Amino acid sequence: MEFLKVENLCKIYGKGDNQVKALDNVSLTIDKGDFTAIIGTSGSGKSTLLHAIAGVDVPTGGKIYLDGQDIYGGNNEQLAIFRRRQVGLIYQFHNLIPTLNVVENITLPILMDRRKVNKERLNDLLELLGLQERRHHLPNQLSGGQQQRVAIGRALMNAPAVMLADEPTGSLDSRNGHEIIKLLKESNQKYGQTLILVTHDESIALQADRIITIADGRVVRDGRVSQAGKTAGNGRISISRSDEAGHDSTGFEERQVAQR
């Protein structure tokens, strides 16, 4: 079922000779509950796309619909409510409040929205994230991987419609990085939330159900990952090819992507 729809999305920074087109008429749809990875080189536009979907970077043109709602169709207050209640955003760096403990950091968005904390959901998240024994620890008493788990809990606490992760393993070592991806997959499956993850790491991208490749602000490849590819470490991905004008062609190809 179509849940997210992006139509002819454009984002332009600067003017005149300094103008940069970060997104160039991007169109795509994502089904409810899907785990989608967006990959591309630095400067390709992948993070700009994610932040536009999150409602934190207003596009120059185009539309984004989440569950039928035009997220930029209302006023600034409505957009702020959308960000607080419908989107769970995870960054590369944890951005935790150093004077707040684990539980206080996780529940901060709820309290800022002047809503009551769902204790059952909080305890469920602490168990899922393996943080029950550290619920009263401050950020400086946690490892990097544990801090990122807190950031995931904070993003999940609102029960958002969509989870958006921007290079969530970028500041972690390989072991902690794979644990974080495992947790994101578990939350995707447990809560049925749509998950969109930006990464430059193909081995992480192969854990997703679908991989979208961005280059020069355009979608250049889009395909689903086979289960065999996830378990064996190699994904045979059916890719919808695009021509230079950005239109889908009728041809399909299979591309072998090897894990690093």
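At 68% relative accessibility, Asp216 counts as exposed, where exposed means over 50% relative accessible area, buried means under 20%, and partly exposed is in between (1.4 Å probe, protein chains only). Keep in mind that this is a predicted model: local features need pLDDT of at least 70, side-chain atom pairs count only at pLDDT 80 or more, and totals for chains, interfaces and linings use all residues. Residues are numbered from 1 along each chain as its sequence is written, and side-chain values use heavy atoms, with hydrogens and water left out.

**The whole chain**

- The protein chain has eight helices and 12 strands; these are DSSP runs numbered from the N terminus, with helices being H or I of at least four residues and strands being E of at least two.
- Out of 260 residues in the protein chain, 49% count as buried.
- Take the contacts in the protein chain with a separation of 6 or more: 65% of them come from residues 24 or more positions apart. Contact here means heavy atoms within 4.5 Å.

- Two strands pair if DSSP finds at least two bridges between them.
- Strand 9 (residues 210-215) pairs with strand 10 in the antiparallel sense, over six bridges. Within that pairing, Gly223 in strand 10 is the bridge partner of Ile211.
- Asp216 from the opening belongs to the loop between strand 9 and strand 10. Asp216 has a positive phi of about 50°, although it is not a glycine.

**Strand 3, inside that sheet**

- How many of the five residues of strand 3 are buried? Five of the five are, so to speak, under cover: strand 3 is mostly covered.
- Phe35, Ala37 and Ile39 point one way from strand 3, while Thr36 and Ile38 point the other way, and all are buried.
- Strand 3 runs parallel to strand 8, and five bridges join the two. Here Phe35 stands opposite Leu195 in strand 8.
- Strand 3 also pairs with strand 9 in the parallel sense, over four bridges. Here Ile38 stands opposite Ile212 in strand 9.

- Another open sheet has four strands in the order 2-1-4-5, with antiparallel pairing.
- Its edge strands are strand 2 (20-31) and strand 5 (69-70), and each pairs on one side only.
- Strand 1 (residues 2-13) and strand 4 (residues 61-66) run antiparallel and are joined by five bridges. Cys10 has Gly61 as its bridge partner in strand 4.

- Asn188 has its place in helix 6 (residues 174-191). Is Asn188 buried or exposed? Asn188 is buried, because its relative accessible area is 8%.
- Leaving aside neighbours within four places in sequence, Asn188 is in contact with Gly33, Asp34, Phe35, Gln193 and Leu195.
- Arg114 is in the loop between helix 3 (102-112) and helix 4 (119-129). With a relative accessible area of 80%, Arg114 is exposed.
- Arg114 has a positive phi of about 60° although it is not a glycine. Most residues other than glycine have a negative phi.

**Charges over rings**

- Lys32 lies over the face of Phe3, at 4.5 Å from the ring centre. A charge sits over a ring if NZ of Lys or CZ of Arg is within 6 Å of the ring centre and within 35 degrees of the ring normal.
- The charged end of Arg121 sits over the ring of Tyr191, 4.6 Å from its centre.
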